[in-house]
Amino acid sequence: MIKVVCAIVEQYDRVLLTQRSEQMREGLLWEFPGGKVEPHETEKNSLVREIKEELAIEVQPYKRLQPIIHPYPNYTIELIPYLCKFNGGVVQLLEHKTYHWVLPEDLPNYSWCPADVPIVEEYLQVCRSRQ
Ligand SMILES: Nc1nc2c([nH]c(=O)n2[C@@H]2O[C@H](COP(=O)(O)OP(=O)(O)OP(=O)(O)O)[C@@H](O)[C@H]2O)c(=O)[nH]1
């Protein structure tokens with residue numbers, strides 16, 4: 001199973017989404033940015049590294065949400081979401097097609113990677129519990 005971490009980066013009342021580029025697996029679908037955890041790397045270190053490599057911004061993971069195990073046709077991933085603070089930098093698209101800063105209420109309107117659908121749901125619950 002491939003272990004993948006993803007970042008729910010919050011700034012003010014919006015959250016950062018990225019669209020995978022055409023050449024990537026799950027091309028053109030939307031995701032929370034992140035990537036595979038390398039051996040001997042902690043989940044948080046891996047997430048900070050991936051976000052810097054892909055988007056050139058600094059994030060600070062502070063809360064792990066419920067991991068999702070999702071079988072794709074040729075491999076299975078464990079997708080581990082973290083709520084993250086935005087710690088600065090300007091987003092540069094080094095791998096993705098595009099990005100959006102989105103209000104939580106608009107999250108269901110995106111074409112998500114299938115593994116992200118329950119994560120979006122849990123995040124919306126987190127947002128509701130804050131009100
Ligand atoms: N980063 C990320 N990957 C996700 C999400 N949801 C999801 O199904 N995935 C899948 O998890 C896998 C992670 O691959 P990746 O391509 O982002 O990871 P990476 O940058 O480390 O990959 P690389 O080895 O191609 O450089 C892909 O199959 C991707 O489609 C998500 O929200 N974020």
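Me: Why does P81 count as buried?
Reply: This is a predicted model, in which local features need pLDDT of at least 70 and side-chain atom pairs count only at pLDDT 80 or more, while totals for chains, interfaces and linings use all residues. Residues are numbered from 1 along each chain as its sequence is written. A residue is called buried if 20 or more other C-beta atoms, placed from the backbone, lie within 10 Å of its own, exposed if 12 or fewer do, and partly exposed in between. P81 counts as buried because its C-beta neighbours inside 10 Å number 26.

Me: Which residues is P81 in contact with, leaving aside its neighbours within four places in sequence?
Reply: P81 belongs to strand 7, residues 76–86, where strands (E, at least two residues) and helices (H or I, at least four) are DSSP runs numbered from the N terminus. Contact requires that the C-beta atoms of two residues, placed from the backbone, lie within 7 Å. Once the neighbours within four places are set aside, the partners of P81 are C6, I8, F32, L65 and I119.

Me: What is the reach of helix 1 from its first C-alpha to its last?
Reply: Helix 1 covers residues 43–55, which is 13 residues. The expected span of a helix is 1.5 Å times one less than its number of residues. For helix 1 the expected value is 18 Å, and the reach is close to it, at 18 Å.

Me: Which strands are included in what covers the buried residues of helix 1?
Reply: The buried residues of helix 1 are S46, L47, V48, E50, I51, E54 and L55. Their cover includes strand 1 (2–11), strand 4 (34–36), strand 5 (59–64) and strand 7.
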